[in-house]
Amino acid sequence: MKLLMAGISAFLVLGGCASLGHFLPNSQPDQKEQLSLGIDALRIGNETAAMSLFEAVCSAPRLEGVTDEALFRLSLLELRRQGNAMDIKQVQRRLGRLIAEYPESPWSRQAWSLMEYISEEDGSRSELRANKLSNNALSKANRELNVSIHQLQSANQSLAKENAELKLIIEKLKDLDIMLDKKNRR
């Protein structure tokens, strides 16, 4: 029984040490392992860890079949961030690098379609921005016209009131003139 317990303990300790090799500070996983760890991180939903692993693979020396896949996967993850034009440009540069450095890779063939889509979407975004700017300018002009119309209506009402008052004064003056004429004739 003691021998069995010692064997199990030795197995667990040795098995544990072997699997901890990736996490020891002096041992760096190679690019294939980093790619595999990145894919595993994606499977469990840890996109941040996956991105850092893929970035490490992309910044290391080129390795056919590994770096190209990491470039493609990293580009896809960065598309989700699309916060600004700089993110899109970085994705396009990375996909361009993939196509240029690995023209025979299956990831490059997929990158072409993605690049075309991104370019079309970028054009649509530019057009949308231009339309928004135009819409904002038109809205501002419309507000200014509405203010001017309101001012003109107010001025028109004021003039109509003055006009009515002037008509009353003219009528009174006519009446007075008629009365003066009648008085002078007598």
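Analyst: Contact means heavy atoms within 4.5 Å. This is a predicted model, where local features need pLDDT of at least 70 and side-chain atom pairs count only at pLDDT 80 or more, while totals for chains, interfaces and linings use all residues. Residues are numbered from 1 along each chain as its sequence is written, and side-chain values use heavy atoms, with hydrogens and water left out.

User: Which residues does methionine 115 touch, not counting residues up to four places away in sequence?

Analyst: Methionine 115 touches Gln92, Leu95, Gly96 and Ile99. Methionine 115 itself is in helix H6, residues 106–185. Helices here are DSSP runs (H or I, at least four residues), numbered from the N terminus. Now compare sequence with space. Methionine 115 and arginine 93 are 22 residues apart in sequence, with their C-alpha atoms 9.7 Å apart.

User: How many residues of H4 are buried?

Analyst: Buried means under 20% relative accessible area, taken with a 1.4 Å probe and protein chains only. In H4, 11 of the 13 residues are buried, so the helix is largely enclosed by the rest of the structure. Among them are Thr67, Ala70, Leu71 and Phe72. H4 covers residues 67–79 and reaches 18 Å from its first C-alpha to its last. That is close to the 18 Å expected, where the expected span is 1.5 Å times one less than the number of residues.

User: Is glutamate 69 buried or exposed?

Analyst: Glutamate 69 is buried, with a relative accessible area of 12%. Its side chain makes a polar contact with the side chain of arginine 73 at 2.8 Å. A polar contact is a pair of N or O atoms within 3.5 Å; within protein, one must be able to donate a hydrogen and the other to accept it, and residues adjacent in sequence count only if both atoms are side-chain atoms. Leaving aside neighbours within four places in sequence, glutamate 69 also contacts Leu35, Ile39 and Trp107.

User: What does the side chain of aspartate 68 reach?

Analyst: The backbone nitrogen of glycine 65, at 3.0 Å. Aspartate 68 is buried too, at 2% relative accessible area. Beyond four places in sequence, aspartate 68 touches Leu63, Leu98, Tyr102, Ser105 and Trp107.

User: Which residues touch the most other members of the largest nonpolar core?

Analyst: A nonpolar core is a set of buried Ala, Val, Leu, Ile, Met, Phe, Trp, Tyr and Cys residues joined through side-chain atoms within 4.5 Å. Of the 25 residues in the largest one, Phe54, Phe72, Leu95, Leu98 and Ile118 touch the most other members. H4 gives the most to this core, with six residues. Follow isoleucine 118 next. Not counting residues up to four places away, isoleucine 118 touches Leu79, Ile88, Val91, Gln92 and Leu95.

Methods. Helix = DSSP H or I, 4+ residues; strand = E, 2+ residues; numbered from the N terminus. Buried < 20%, exposed > 50% of the residue type's maximum accessible area, 1.4 Å probe, protein only.
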